[in-house]
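Please read the following briefing alongside the sequence and the three-dimensional view.

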Amino acid sequence: EQGDEAQLLLLLDDDAIDVRVAAIQACGAQPLFSAREQIFLAASAGSPELRVPALFAVGQIGGQGARDILITALTGEDRRLHQSAAEGIAALRDPKAIPIMLSILRHGERTGAFPTLRQGLLDLGEEAWDQLFSALRSPSPVLRREAALILARQTVPEAAPALMRALAEDP
């Protein structure tokens, strides 16, 4: 309701950090588009305690600028933000974010954001297939394996030979 929305927007400026975190999470879960500017600001320049939930909320709310905020956090120096930025990218379900997801998989470690990005690519389904097939030809064995696994989980028969090669290289 309108009154609840107004109250929630007020809670985004509360003095208690826990209240602001809960309000950010609620705005993302709704998603509450009228909170977009405040959430985006918290995700970009807030304290780490606020940025972590705000980054995921950015992905849930979406809209212009969301992908840029999430990519900046995902590729930034502050590792505390990487997982929530990956969750935001996955929640965004934006095919334009596929190259950055694949890039992180190519250069990243097999921990942290990997499962989240893998799930994000799975959730995109057929929209990701062309780029996943391209990734099968990557010089990176990690990326080839991840692309083959994602396509195989989507039961794409053409992925079988690539999956067998990837598993032979790195069982």
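How many residues does the largest nonpolar core have, and which residues have the most contacts inside it? The largest nonpolar core has 54 residues, and those with the most contacts inside it are Ile-39, Leu-117 and Leu-121; a nonpolar core here is a set of buried Ala, Val, Leu, Ile, Met, Phe, Trp, Tyr and Cys residues joined through side-chain atoms within 4.5 Å. This is a predicted model, in which local features need pLDDT of at least 70 and side-chain atom pairs count only at pLDDT 80 or more, while totals for chains, interfaces and linings use all residues. Residues are numbered from 1 along each chain as its sequence is written, and side-chain values use heavy atoms, with hydrogens and water left out.

**Overall make-up**

- The protein has eleven helices and zero strands, where helices (H or I, at least four residues) and strands (E, at least two) are DSSP runs numbered from the N terminus.
- Taken along the principal axes, the C-alpha atoms of the protein fill a box of roughly 55 × 30 × 25 Å.
- Of the 171 residues of the protein, 44% count as buried; buried means under 20% relative accessible area, exposed means over 50%, and partly exposed lies in between, with a 1.4 Å probe and protein chains only.
- Among contacts between residues at least 6 apart in sequence, 58% join residues at least 24 apart, contact meaning heavy atoms within 4.5 Å.

**Packing around helix H4**

- The axes of helix H2 (residues 17–29) and H4 come within 8 Å and cross at roughly 10 degrees, which makes H2 roughly parallel to H4. Axes are lines fitted to C-alpha atoms, for helices over the stretch in contact, and angles run from 0 to 180 degrees between N-to-C directions; angles under 35 degrees count as roughly parallel, over 145 as roughly antiparallel, 65 to 115 as roughly perpendicular and the rest as oblique.
- In this pairing, Ile-17, Arg-20, Val-21, Ile-24, Gln-25, Cys-27, Gly-28 and Ala-29 of H2 meet Glu-49, Leu-50, Pro-53, Ala-54, Ala-57, Gln-60 and Ile-61 of H4. By class, the contact of H2 with H4 has ten nonpolar, three polar and two charged residues, where Ala, Val, Leu, Ile, Met, Phe, Trp, Tyr, Cys and Pro count as nonpolar, Asp, Glu, Lys and Arg as charged, and the others, Gly among them, as polar.
- Helix H4 (residues 48–61) and helix H5 (residues 66–74) pack at an angle of about 140 degrees, with their axes 9 Å apart, and that makes H4 oblique to H5.
- The contact of H4 with H5 is made by Arg-51, Leu-55, Val-58 and Gly-59 of H4 together with Ala-66, Ile-69, Leu-70 and Ala-73 of H5; by class it has six nonpolar, one polar and one charged residues.
- Ala-54, which has its place in helix H4, is buried, with a relative accessible area of 0%. Not counting residues up to four places away in sequence, Ala-54 touches Ile-24, Ile-39, Ala-42 and Ala-43.
- Ala-54 and Phe-40 are 14 residues apart in sequence and 7.1 Å apart in space, C-alpha to C-alpha.

- Eight of the eleven residues of H6 are buried, so H6 is largely enclosed by the rest of the structure. The buried residues of H6 pack against H4, H5, H7 and H8.
- In helix H7 (residues 98–107), the buried residues are Ile-98, Ile-100, Met-101, Leu-102, Ile-104 and Leu-105, and they pack against H5, helix H6 (82–92), helix H8 (114–124), helix H9 (129–135) and helix H10 (141–153).
- Leaving aside its neighbours within four places in sequence, Leu-121 is in contact with residues including Ile-98, Met-101, Leu-102 and Leu-105.

**Backbone points to check in the loops**

- Most residues other than glycine have a negative phi, and most peptide bonds are trans.
- A cis peptide bond, with omega about -25 degrees, joins Gln-30 and Pro-31, and Pro-31 is found in the loop between H2 and helix H3 (36–45).
- Arg-93, in the loop between H6 and H7, has a positive phi of about 50 degrees although it is not a glycine, and Arg-93 is partly exposed, with a relative accessible area of 49%.
- Thr-155, in the loop between H10 and helix H11 (160–169), has a positive phi near 55 degrees and is exposed, with a relative accessible area of 66%.
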